[in-house]
Amino acid sequence: TPVRLQRFIERYTCFADPTGVDTPPYYYGTHYSSAMIVASYLIRMEPFTQYFLKLQGGHFDLPDRLFHSIPDAWKSASETNMADIKELVPEFFYLPEFLVNSNRFDLGTKQSGEALSDIILPPW
């Protein structure tokens with residue numbers, strides 16, 4: 001969004017290296033894609049579940065940090081979380097099965113009391 005872009009530009013132009021090592025300014029402080037990001041989107045579908053578990057030390061992450069809602073992921077990446085710059089994986093465009101917890105993995109319960117299972121979709 002234009003507001004988010006402006007926040008990144010401000011961060012870049014106001015950057016002062018706290019380490020004193022003369023790190024150049026940057027827009028994004030993390031990578032937009034990694035094996036963990038891909039596996040976290042596809043966690044409900046094998047073999048990606050096993051990849052995620054291997055990357056996560058053999059267990060699922062905390063429920064509040066797992067991908068569980070497209071509207072929430074959009075809001076995080078477009079408005080509320082400057083560290084969230086993840087790109088969509090191609091499966092968003094051709095493989096709706098990854099949105100369903102057909103293996104009934106126990107992904108836990110968020111602090112709000114919401115049990116995780118299938119991905120929450122936008123209202124449209």
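Q: Buried means under 20% relative accessible area, exposed over 50%, and partly exposed in between (1.4 Å probe, protein chains only). Is Lys110 buried or exposed?
A: This is a predicted model: local features need pLDDT of at least 70, side-chain atom pairs count only at pLDDT 80 or more, and totals for chains, interfaces and linings use all residues. Residues are numbered from 1 along each chain as its sequence is written, and side-chain values use heavy atoms, with hydrogens and water left out. Lys110 has a relative accessible area of 14%, so Lys110 is buried.

Q: Which residue forms a salt bridge with Lys110?
A: A salt bridge is a side-chain nitrogen of Lys or Arg within 4 Å of a carboxyl oxygen of Asp or Glu. The closest N and O atoms here are 3.7 Å apart. Lys110 pairs with Glu114.

Q: How far apart are the closest N and O atoms of Arg65 and Asp61?
A: The structure holds three salt bridges, and Arg65 with Asp61 is one of them. Arg65 is exposed at 57% relative accessible area, whereas Asp61 is buried at 15%. The closest N and O atoms are separated by 2.6 Å.

Q: How many residues apart in sequence are the parts tied together by Arg104 and Asp118?
A: The side chains of Arg104 and Asp118 meet in a salt bridge, 3.8 Å from N to O. Both residues lie in the segment after α4, so the pair ties together parts whose separation in sequence is 14 residues.

Q: Why do the buried residues of α3 line one face of the helix?
A: Helices are DSSP runs (H or I, at least four residues), numbered from the N terminus. In α3 (residues 48-55), the buried residues are Thr49, Phe52 and Leu53. Seen down the helix axis, they line one face because the directions from the axis to their C-beta atoms fall within an arc of 100°.

Q: Which helix do the buried residues of α3 pack against?
A: Contact means heavy atoms within 4.5 Å. The partner helix spans residues 35-41. The buried residues of α3 pack against α2.

Q: What kind of aromatic pair do Phe92 and Phe98 form?
A: Rings of Phe, Tyr and Trp (its six-membered ring) pair if their centres lie within 6.5 Å; planes under 30 degrees apart count as stacked, over 60 as edge-to-face and the rest as tilted. By this rule the count comes to seven aromatic pairs. Phe92 and Phe98 lie 5.0 Å centre to centre with 70° between the planes, making the pair edge-to-face.

Q: Is Phe98 buried or exposed?
A: Ring pairs link Phe98 with Tyr41, Phe67 and Phe92 into a cluster. Phe92 is partly exposed at 23% relative accessible area. Phe98 has a relative accessible area of 1%, so Phe98 is buried.

Q: What separates the C-alpha atoms of Glu46 and Phe98?
A: Glu46 lies in the loop between α2 and α3. Setting aside residues up to four places away in sequence, Glu46 touches Asn103 and Phe105. Glu46 and Phe98 are 52 residues apart along the chain, and their C-alpha atoms are separated by 9.1 Å.

Q: Is Tyr94 buried or exposed?
A: Tyr94 sits in the segment after α4 (70-80). With Leu88 and Phe93, Tyr94 makes a nonpolar surface patch of about 390 Å². Tyr94 has 53% relative accessibility, so Tyr94 counts as exposed.

Notes: Patches are made of residues with over 30% relative accessible area and no salt bridge: like charges are joined within 9 Å, nonpolar side chains (Val, Leu, Ile, Met, Phe, Trp, Tyr) within 5 Å. Accessible areas come from the Shrake-Rupley method with a 1.4 Å probe; for residues, only the protein chains shown count as cover. Helices (H or I, at least four residues) and strands (E, at least two) are DSSP runs, numbered from the N terminus.
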